[in-house]
Amino acid sequence: MPLKLPRQYLSLFVGFLFLSLYFWLGYDGITFSDDVYYLLTGKKFWEGIPISDDYHFSSRFGAYVFSGFFSHLFGLNDHLAALASLFSYLISFYLLWRLSKQNTYQWWFTGFSITHIYFLHFLPKVYPDSLLVLWVIVVPLTAIYRNKSPFWMALAMGLAFIIGFSTKETMVLLLPFPIILFFHDLVHKRPIAFYLWFGIWSVVLLSLYFGFFHWKFGNVFYRLEMVNEGHYISEYTYHDKGMGAIFSRLTYMPFFAFVERAYWPWLVLAIPGLWMAFKSQKPILFEFALTVGCLVLGFWFMTSTLDFYNPIYLNPRHLIVLIGPLSVLIAMGVSDWMSNKIWINWLSILFILGAAIALWLHDFKMSGYLLAFGLAVFFLKTTKQKTVAIAILLLVPVLASIRHQGQIKNYNHFIKAFNETVLNTENDNLILINNFVYLSKDILLPELEMAKKKLVALENIDRVKTEKPDEFELFVYKYYLHAYPSEQEDIKAFEDWAKTQNYLIVDEKEDQWILSRRYKIN
């Protein structure tokens, strides 16, 4: 007799299956960015190699210890190392799914919690934000049971904060959460044993945390100083761009980010749940509403350094921690946004507003998408019609994003072509490559130490200019046009130099993703 899955667990199974399938099918390689550092540092950690650099990422233990464990088991493979992210998502999904007691709530929670395109984009990658997904939701979860088991819930919340902060500093966005919750319980004359234990555990855990840095570096505040000094001095800062830049960042720019990066439907449909939470102050709803409030306000106003006011850069990756809490609020407020006429009218207006913002930004696809969401909420009358329409609207962007990433990146093709170029280059001819590819060479060519010595970044061709070889290779991964368009300047500068030195192109291969040339002096 075949094993039959109980109906109440069907949405759990669908969620697990969907996330697991996306992990494998949605994999599009490394991002040639921070993930390279975490992959290499995690490998060093589990090999017992001291991590002594003063780069502020080196103290993000939670960002590389877990992924490094899988690298230790399976070798330096970025996809398998991202199993840490998959487990973070699966555990988070399960813990939140358990809160949805009714079968309909579970399905709505499942639908919204596993389909956000940026949330999914970082599922098969080694990034701290993917792991922070878990530690962020532990905070409201422990708060829900704070009066049933104050000792253990206080310990769990304290550990979530410490491990979360050791994963990424944005965990501090939730610091107001226990403080606000304490005053809330105090006003309503509820037990405060949880807060006493939380205070005790916080002192113990912080003492161990800061004590480690004092023992390791002789400075109790070493970690805080590294974070403070590790702010971006680049196009991503606001403090050096005048008050106008800061004003725009604190007023309308976050709305643009919410719309452009597809967070708008989640934020809009969570509003009835937020309203219900603060009006009724019901358990579960209130804790998750408070979580969303802390995360959004912190993201909006918090500074990235204590030396001057520099709001956090509007990176959509920082917001993926919102998806779980927002999905809980959406699911528990479904009766309002599905059938309450007043809410339907207001939410439809917000969807139209989002579509107008997208139109203003010349993002016509997003404008049409948000307009379709608004029309589905406003015009469709039956629950079945709305359910089908919203399910389609949630799934189509996921499938489209996989196809889109494959078209612009084609990572497997790049890896194959890059390895062939490196292995087939005659003698010790130098190979000029994209700057971002050069910085990722230890991940792309983990076993080819000698071959790496032939690689030269396009931004630094002094070696080529000095040696003036008779022959060398150029390998360009065209993904730079999407991810690092400024590298076009380096490519143009190289081509101009090659012409002045009488180098001729003697062999060339080019397709949609790769440009490979062999140059020989005339």
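Where is the place of asparagine 310? In this predicted model, in which residues are numbered from 1 along each chain as its sequence is written, local features need a pLDDT of at least 70, side-chain atom pairs count only at pLDDT 80 or more, and totals for chains, interfaces and linings use all residues. Side-chain values use heavy atoms, with hydrogens and water left out. Asparagine 310 is placed in the loop between H17 and helix H18 (323–332); helices (H or I, at least four residues) and strands (E, at least two) are DSSP runs, numbered from the N terminus. At 2% relative accessibility, asparagine 310 counts as buried, where buried means under 20% relative accessible area, exposed over 50%, and partly exposed in between (1.4 Å probe, protein chains only). Contact is defined as heavy atoms within 4.5 Å. Leaving aside neighbours within four places in sequence, asparagine 310 is in contact with Thr237, Tyr238, His239, Met302, Thr303, Ser304 and Thr305.

The overall architecture was examined next. The protein has 29 helices and five strands. The radius of gyration of the protein is 25 Å, close to the 24 Å that the globule rule gives for 522 residues, so the protein is as compact as a globular protein of that length. This radius is taken over C-alpha atoms, and the globule rule is 2.2 Å times the number of residues to the power 0.38. The C-alpha trace spans about 85 × 65 × 60 Å along the principal axes of the protein. Of the 522 residues, 52% are buried. Among the contacts with a separation of 6 or more, 73% are between residues 24 or more positions apart. The protein exposes about 25200 Å², of which carbon and sulfur atoms supply 65%; accessible areas come from the Shrake-Rupley method with a 1.4 Å probe, and for residues only the protein chains shown count as cover.

In helix H14 (residues 253–260), Pro254, Phe256, Ala257, Phe258 and Val259 are buried. The cover of these residues includes helix H13 (243–250), helix H15 (264–269), helix H17 (285–301), helix H20 (341–360) and helix H21 (364–379). Just after H14, alanine 262 takes a positive phi of about 70°. Threonine 167 lies in helix H9 (residues 150–167) and is buried, with a relative accessible area of 0%. Residues up to four places away in sequence not being counted, threonine 167 touches Arg60, Gly62, Ala63, Pro128, Leu131, Leu132 and Trp135.

Aromatic rings were then considered. A pair of aromatic rings is described by the distance of the centres and the angle of the planes. Rings of Phe, Tyr and Trp (its six-membered ring) pair if their centres lie within 6.5 Å; planes under 30 degrees apart count as stacked, over 60 as edge-to-face and the rest as tilted. The structure holds 65 aromatic pairs. One of them, formed by phenylalanine 212 and tryptophan 215, is tilted, at 5.9 Å centre to centre and 50° between the planes. Both residues lie in helix H11 (residues 193–217), three residues apart, about one turn of the helix. Phenylalanine 212 counts as partly exposed at 31% relative accessibility, whereas tryptophan 215 counts as exposed at 65%. The rings of phenylalanine 436 and tyrosine 477 have their centres 6.2 Å apart and their planes at 40°, so this pair is also tilted. Phenylalanine 436 lies in helix H24 (residues 435–439) and tyrosine 477 in strand E3 (residues 471–477), so the pair ties together parts that are 41 residues apart in sequence. Phenylalanine 436 is buried at a relative accessible area of 2%, and tyrosine 477 is buried at 0%.

Positive phi values were also found in loops. Phenylalanine 32, a residue other than glycine, has a positive phi near 60° and is found in the loop between helix H1 (10–25) and helix H2 (34–46). At 5% relative accessibility, phenylalanine 32 counts as buried. For asparagine 410, phi is positive and near 40°. Asparagine 410 is found in the loop between helix H22 (383–409) and helix H23 (411–424) and is partly exposed, with a relative accessible area of 23%.
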